[in-house]
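Let's explore a protein model together, one question at a time. Keep the structure open beside you as you read.

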Amino acid sequence: MILHIETSGVNCSVALSNEGILLAEQTENAGRFTHSEHLHLFITTVMQQAGITFSELKAIAVSAGAGSYTGLRIGIATAKGLCFALNIPLIAIPTLQIIAAQAPHNPIIIPMIDARRMEVYSAVLNEKYTFIAPTQSVILNEESYSEYLAQGKVVFLGDGSDKFAAICKHPNAEFISGVFPQAKDMIPFATEKYKLQSFENTAYFEPQYLK
């Protein structure tokens, strides 16, 4: 039984899973940060919807960044508080991996988070959503990711991909718009990490801000 918290951007999202199966979720994208207002309410709501008590939780999974400083701090502070109070482990999932999970299986997937102007946070993943290239900050231009586009179809998604779509005319580029990280997409990654006992040090864990 794992509670999943995603607050890296303007999308406030919470999900509850049991053995990798989604039990309940609450997600809201108001176009602005509403995490301080709604996150704890969403957590209570999914627990009530599933008929689960906090004592039944085995771990808390949280989006680890990159993303908004404010959003990440709120989500991780909440996750840590629950872990300490319930004496259960913390699982961290990279935000870009969460976004990539919304893409169809493709040999090359490049999720992007808007970092303002022509900058994005991005990474390169394969069809199994495993990292080929790590999360990094990139200033976009017409030649960005040309080494991957030369190999075949590349799927770009996330709120930063719209900027690249405006300047990238490569025939192998496919863009999926309107994608934001969601807590339910954390489930397979968090479940696997739980099985492997791949936990964070709750006291010292810090998100990946990049800036």
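Q: Which residues does Lys163 touch, not counting those up to four places away in sequence?
A: This is a predicted model, so every contact here is computed from predicted positions. Lys163 has its place in helix α5, residues 161-165. Leaving out residues up to four places away in sequence, the ones that Lys163 touches are Asp114, Ala115, Arg116, Arg117, Met118, Glu119, Val120 and Leu140.

Q: Is Lys163 buried or exposed?
A: Buried means under 20% relative accessible area. Lys163 has a relative accessibility of 16%, so this residue counts as buried.

Q: How many Å separate the backbone oxygen of Glu119 from a polar atom of the side chain of Lys163?
A: Glu119 is among the residues that Lys163 touches. A polar contact needs N or O atoms within 3.5 Å. Between the backbone oxygen of Glu119 and a polar atom of the Lys163 side chain, the distance is 2.8 Å.

Q: What is the relative accessible area of Arg117?
A: Arg117 is another residue touched by Lys163, and its place is the loop between β6 (109-114) and β7 (119-125). Although Arg117 is not a glycine, its phi is positive, about 50°. Arg117 counts as exposed because its relative accessible area is 78%.

Q: How far apart in space are Asp162 and Ser177, C-alpha to C-alpha?
A: Asp162 is found in helix α5. Its relative accessible area is 45%, so Asp162 is partly exposed. Asp162 and Ser177 are 15 residues apart in sequence, and their C-alpha to C-alpha distance in space is 6.8 Å.

Q: At what angle do helix α1 and helix α2 pack?
A: Two packed helices are described by the angle between their axes and the distance between the axes. For helix α1 (residues 35-50) and helix α2 (residues 69-86), the axes are 11 Å apart and the angle is about 35°.

Q: Is the crossing of α1 and α2 left-handed or right-handed?
A: Look at the residues where the two helices meet. The crossing of α1 and α2 is right-handed. On the α1 side the contact is made by His35, Ser36, Leu39, His40 and Ile43, and on the α2 side by Gly71, Ile74, Gly75, Thr78 and Leu82. These contact residues divide into four nonpolar, six polar and no charged, and the handedness of the crossing is right-handed.

Q: How far apart in space are His40 and Ile60, C-alpha to C-alpha?
A: His40 is found in helix α1. With a relative accessible area of 51%, His40 is exposed, because exposed means over 50%. His40 and Ile60 are 20 residues apart in sequence, and in space their C-alpha to C-alpha distance is 14 Å.

Q: Which residue with a positive phi follows α1?
A: α1 has 16 residues and reaches 21 Å from its first C-alpha to its last, close to the expected 22 Å. Its buried residues are His35, His38, Leu39, Phe42, Ile43, Val46 and Met47, and what covers them includes β1, β2 (11-18), β3 (21-29) and α2. After α1, with a positive phi near 70°, comes Gly51.

Q: Which residue caps the N-terminal end of α2?
A: α2 has 18 residues and reaches 26 Å from its first C-alpha to its last, close to the 26 Å expected. Its buried residues, including Leu72 and Ile76, pack against β1 (2-6), α1, β4 (59-63) and β5 (90-93). At the N-terminal end, a side-chain oxygen lies 3.3 Å from the backbone nitrogen of Thr70, and the capping residue that supplies this oxygen is Ser68.

Q: What is omega near for the peptide bond from Gly65 to Ala66?
A: Ala66 has its place in the loop between β4 and α2. The peptide bond from Gly65 to Ala66 is cis, and its omega is near 10°.

Q: Is Tyr129 buried or exposed?
A: Tyr129 lies in the loop between β7 and β8 (131-139). Its phi is positive, near 60°, in a residue other than glycine. Because its relative accessible area is 10%, Tyr129 is buried.

Q: Which residue with a positive phi follows α6?
A: The buried residues of helix α6 (residues 187-195) are Ile187, Phe189, Ala190 and Thr191. They pack against β1, β2, β3, β4, β5 and α3 (95-100). Following α6, with a positive phi near 60°, is Gln197.

How values were computed: Residues are numbered from 1 along each chain as its sequence is written. This is a predicted model: local features need pLDDT of at least 70, side-chain atom pairs count only at pLDDT 80 or more; totals for chains, interfaces and linings use all residues. Side-chain values use heavy atoms; hydrogens and water are left out. Helices (H or I, at least four residues) and strands (E, at least two) are DSSP runs, numbered from the N terminus. Buried means under 20% relative accessible area, exposed over 50%, partly exposed in between (1.4 Å probe, protein chains only). A polar contact is a pair of N or O atoms within 3.5 Å; within protein, one must be able to donate a hydrogen and the other to accept it, and residues adjacent in sequence count only if both atoms are side-chain atoms. Contact means heavy atoms within 4.5 Å. Axes are lines fitted to C-alpha atoms, for helices over the stretch in contact, and angles run from 0 to 180 degrees between N-to-C directions. A crossing is left-handed if the near helix is turned anticlockwise from the far one by less than a right angle, and right-handed if clockwise. Ala, Val, Leu, Ile, Met, Phe, Trp, Tyr, Cys and Pro count as nonpolar, Asp, Glu, Lys and Arg as charged, and the others, Gly among them, as polar. The expected span of a helix is 1.5 Å times one less than its number of residues.
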